Amino acid sequence: MFIDDVVDELRDFSGEVDEDSPPRPTPSRPQRPSASSRLPIGDGDSGSFVRDVQQQLIDAGYGLPRYGADGIFGEETENAVMRFQRNYNLAVDGLVGPMTISKLQQVLQQKVSAPDFPLPNGILRRGDQGNAVKQVQRALNQINFKPGAIDGIYGPNTEDAVRRFQSMYAALADDGIYGPNTRRYIRMELDE
């Protein structure tokens, strides 16, 4: 992934990516594209690096519901970056520089277990709202059943993500309702 190549270049970061030095060959990853990125990136930037950053923000639970990972760094991406920076005690400037990239990589590489994603008890369905719904949305996102925005609203996207998850197990009804049985299977997936 392009962002991994940039992270490799930043290991000895001195302020800018050196555009004159050739990329180091890495057998396990594709070569970095010839057009290198200047850091930091921010509002108005575009390209595959921006798309990679956006996807990683989404994977870390910072949804981009309007445009997704479209490769264009706009207001929605800037807001997600600022929330990420605030939550991880980074300078909140909305720019993606070496510190933000490094922290994003750390967050995504951390081993995940069920205690990292507490699941609510009870029954949740379309129309419900609150922190319990956010917990379910984060867990679904982590196990790659993307519910869209982590917004605490059990809407059609969350219902669909629950239904898709339920369809993987014969023991679960594919009704899109989060209940004790669905909770048990999501917890099992988080523990793997």
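**View 1. The whole chain.** Among contacts in the chain between residues at least 6 apart in sequence, 44% join residues at least 24 apart. Contact means heavy atoms within 4.5 Å. This is a predicted model: local features need pLDDT of at least 70, side-chain atom pairs count only at pLDDT 80 or more, and totals for chains, interfaces and linings use all residues. Residues are numbered from 1 along each chain as its sequence is written, and side-chain values use heavy atoms, with hydrogens and water left out. The chain holds seven helices and zero strands. Helices (H or I, at least four residues) and strands (E, at least two) are DSSP runs, numbered from the N terminus. Along the sequence the pattern reads α-α-α-α-α-α-α. Of the 192 residues in the chain, 41% are buried. Buried means under 20% relative accessible area, exposed over 50%, and partly exposed in between (1.4 Å probe, protein chains only).

**View 2. Helices H6 and H7 cross.** H6 spans residues 156-166 and H7 spans residues 180-191. Their axes come within 11 Å and cross at roughly 75°. Axes are lines fitted to C-alpha atoms, for helices over the stretch in contact, and angles run from 0 to 180 degrees between N-to-C directions. H6 and H7 are therefore roughly perpendicular to each other. Angles of 65 to 115 degrees count as roughly perpendicular, under 35 as roughly parallel, over 145 as roughly antiparallel, and the rest as oblique. H6 brings Val162, Phe165 and Gln166 to the contact, and H7 brings Thr182, Tyr185, Ile186 and Glu189. These residues divide into four nonpolar, two polar and one charged. Ala, Val, Leu, Ile, Met, Phe, Trp, Tyr, Cys and Pro count as nonpolar, Asp, Glu, Lys and Arg as charged, and the others, Gly among them, as polar.

**View 3. Glutamate 159 in H6.** Glutamate 159 lies in helix H6. Its relative accessibility is 14%, so glutamate 159 counts as buried. Leaving out residues up to four places away in sequence, glutamate 159 touches Arg126, Tyr154 and Gly176.

View 4. H4 (residues 98-109) has twelve residues. From first C-alpha to last, H4 reaches 16 Å, close to the 16 Å expected at 1.5 Å a residue. The expected span is 1.5 Å times one less than the number of residues. Thr100, Ile101, Leu104, Gln105 and Val107 are the buried residues of H4. They cover an arc of only 160° around the axis, which puts them on the same side of H4. The arc is that of the directions from the helix axis to the C-beta atoms. The face turned away from this buried side carries the exposed residues Met99 and Gln109.

**View 5. Alanine 80 in helix H3.** Alanine 80 lies in H3. Its relative accessible area is 0%, so alanine 80 is buried. Neighbours within four places in sequence aside, alanine 80 is in contact with Leu57, Tyr62, Gly63 and Leu64. The C-alpha atoms of alanine 80 and glycine 94 are separated by 8.1 Å, and the two residues are 14 apart along the chain.

**View 6. Backbone features in the loops.** Most residues other than glycine have a negative phi, and most peptide bonds are trans. The peptide bond from leucine 39 to proline 40 is cis, with omega near 0°. Proline 40 sits in the loop between helix H1 (2-10) and helix H2 (48-59). Asparagine 89 is not a glycine, yet has a positive phi of about 55°. Asparagine 89 is exposed, with a relative accessible area of 73%.
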